[in-house]
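Visitor: I'm new to this one. Could you walk me through a few of its features?

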Amino acid sequence: MSKESYGVCWCFRRKFKLGTAEPPQEIKELFEVYSENGIMSTDNLVKFMTEVQGEDEITGEHVESIMEEANHKHRHLHLHHRKTMTLETFFRYLISDTNSPLLPPRVHHDMTAPVSHYYIYTGHNSYLTGNQLSSNCSDAPIIDALHRGVRVIELDMWPNSTKDNVHILHGGTLTTPVELLKCLKSIKEHAFVASEYPVVLTLEDHLTPKLQAVVAKMVTETFGDLLFTSKSESFPEFPSPESLKKKIIISTKPPKEYLASDSVKVAQSDIQKGDNSFEEKGWGTEVSDMKSEFEGFDRQKYEVEDAESPLEDDPKDRNANTKQNADPEYKHLIAIRARKRKGGIKDWFHDDPSSATRISLREHNLEHAVINHGADVIRFTRRNLLRIFPKGSRVDSSNYNPLIGWMHGTQMVAFNMQGHGRPLWLMQGLFRANGGCGYVKKPEILLKDGPDNEVFDPKKKLQVKQTLKVKIFMGEGWHLDFKRTHFDLYSPPDFYVKIGIAGVPADSVMKKTKIIEDNWIPTWNEEFEFPLTVPELALLRIEVHEYDMSEKDDFGGQTCLPMSELKTGIRAVALHDEKGDKYKSVKLLARFEYV
């Protein structure tokens with residue numbers, strides 16, 4: 001068939017496949033059951049919400065507001081009364097944003113436990129706008145992260161060229177710097193827009209004592225009363241998020257006195273080492289061609305063996321035997337003290353009962369540690385903070401599987417927020433919980449030993465606790481949010497849904513629906529069951545793709561939902577783009593049940 005003829009054929013088909021979505025048969029049957037003579041009353045809707053949606057505490061007043069809102073939005077339909085529903089308005093309500101699959105967006109976890117009892121929404125190199133080697137440094141991605149609920153911001157502090165001010169940049173690369181003061185002012189302005197719970201600044205410090213004094217002055221003058229400081233240099237346990245509301249907390253290694261003649265130890269980066277850490281099947285990310293920009297570039301000028309440690313002064317500016325003293329005001333700013341790892345893996349996770357601390361590990365260090373020391377990691381993270389960050393070879397700002405950290409109690413799984421992809425979707429999914437405040441209480445299985453004093457082992461196959469049953473009815477909204485030619489020049493899209501669980505290995509699985517050809521409003525009516533052994537650590541993954549016979553399938557939307565917040569019943573599942581921004585119109589209609 002010629003393209004011209006095919007185009008005419010498509011226009012003919014589109015006429016019939018780009019209209020108003022029809023209620024699925026099951027919705028029609030439910031409406032028949034919960035209505036009288038084609039009209040659903042307030043009492044009928046209360047009964048439906050209780051029996052089908054599982055909302056036992058729904059009130060008549062709430063139902064009336066639902067009806068009024070639905071009828072107001074769809075007043076062009078044939079309506080009898082604003083406190084009743086027809087099949088059309090009932091269906092439009094079911095597939096509206098009002099009918100979310102998640103609990104209402106409010107903080108409902110106990111926020112009075114120590115900070116170490118929470119997963120914390122954590123950024124890595126928060127100032128970068130793109131790749132790790134040559135992108136610009138700016139306060140814009142910091143602002144964006146804070147508006148998304150991120151609570152941990154990382155800043156890499158370096159002397160400027162004249163060594164009289166502090167720049168933020170990724171040292172040893174071609175990234176262009178931004179001034180520290182500009183970042184601090186933006187953090188103050190935007191820190192509590194999305195959440196009133198504390199913001200932690202993890203500082204990677206490459207400064208001389210003189211410049212540390214400059215930082216201390218900047219921080220205290222910029223943040224004022226927002227800054228949390230402690231009279232004590234250590235805590236037996238960390239304060240709670242509740243007690244730290246609207247506070248900004250500094251975390252780094254305490255600076256030490258050192259001889260100015262000491263040499264700076266330089267370590268090769270992961271790229272130079274050719275890091276071979278394993279990737280969980282299905283999560284591998286190829287290093288982009290940007291790596292070639294790095295070849296031959298002298299990272300040794302900047303990269304020190306131990307991040308968050310001070311660099312030495314320029315030898316030209318001091319006597320070779322002068323002892324440099326750490327600035328006391330700078331030391332006083334540090335409320336969460338990080339410590340350097342010493343000894344073997346087991347030593348890293350030594351728990352000092354008199355002093356809670358924080359340590360940082362690259363992703364592959366954690367992967368190796370949990371093979372034989374998973375229980376030590378979990379016990380350590382009950383009182384102490386563990387921060388995991390991407391390996392250096394992720395020059396394209398990709399991310400890693402966060403579940404490895406979460407399953408072992410890691411609070412700060414640091415991510416490149418400017419990237420996109422499945423790991424970031426999981427991160428965004430977890431932190432949709434607890435009102436999106438950036439702090440999610442860890443499950444009790446990670447905070448306490450079992451009845452026989454055993455520590456939780458995510459690799460161990462356990463009994464099934466519950467089974468989630470999902471029915472995907474249909475989807476709509478692509479014709480509103482995408483151009484007609486986005487998926488195919490000459491025909492409507494061929495959509496299918498991928499759905500599954502991300503959690504402990506025994507629970508993790510992905511399944512998919514059949515492909516619905518040539519339809520902007522596809523109907524699948526397919527059911528799936530997911531047995532869950534550890535539902536406390538499970539996330540429901542949903543993706544929509546458009547089948548392409550000759551090329552890679554096109555992306556059509558995604559979301560990730562925390563199982564701990566998932567409501568039962570028939571729900572409208574809003575989909576997001578690859579970065580995680582919600583589409584205006586694209587959503588699925590699905591039913592969730594526990595059997």
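Visitor: Let's start with Thr129. Leaving aside its neighbours within four places in sequence, which residues is Thr129 in contact with?
Guide: Contact here means heavy atoms within 4.5 Å. Setting aside neighbours within four places in sequence, Thr129 touches Ser135, Asn136, Ser138, Pro141 and Gln418. Before going on, keep in mind that this is a predicted model, where local features need pLDDT of at least 70, side-chain atom pairs count only at pLDDT 80 or more, and totals for chains, interfaces and linings use all residues. Residues are numbered from 1 along each chain as its sequence is written, and side-chain values use heavy atoms, with hydrogens and water left out.

Visitor: Where is Thr129 found?
Guide: Helices (H or I, at least four residues) and strands (E, at least two) are DSSP runs, numbered from the N terminus. Thr129 sits in the loop between strand S1 (118–120) and helix H6 (140–147). Its C-alpha atom is 9.1 Å from that of Gly419, although the two are 290 residues apart along the chain.

Visitor: Which residues have a positive phi?
Guide: Most residues other than glycine have a negative phi. Lys163, not a glycine, has a positive phi of about 60°, and Lys246, also not a glycine, has one of about 55°. Lys163 lies in the loop between strand S2 (152–159) and strand S3 (166–168), while Lys246 is in the loop between strand S6 (227–228) and strand S7 (248–252). Lys163 is partly exposed at 41%, and Lys246 is partly exposed at 45%.

Visitor: Now the sheets. What is the order of the open sheet of 3 strands?
Guide: Strands of a sheet pair through backbone hydrogen bonds, either parallel or antiparallel. Two strands pair if DSSP finds at least two bridges between them. In this open sheet the order is S11-S12-S13, with parallel pairing. Strand S11 (358–362) and strand S13 (412–413) are the edges, each pairing on one side only. Strand S12 (residues 385–389) and S13 are joined by 2 bridges, and Ile388 has Val413 as its bridge partner in S13.

Visitor: How many residues of strand S16 are buried?
Guide: Strand S16 (residues 495–502) has 7 of its 8 residues buried, so the rest of the structure largely encloses it. S16 runs antiparallel to strand S19 (residues 539–546), with 8 bridges; there, Phe495 stands opposite Glu546. S16 also pairs with strand S17 (residues 509–512) in the antiparallel sense over 4 bridges, with Ile499 opposite Lys511. A hairpin of 6 residues links S16 to S17.

How values were computed
Buried means under 20% relative accessible area, exposed over 50%, partly exposed in between (1.4 Å probe, protein chains only).
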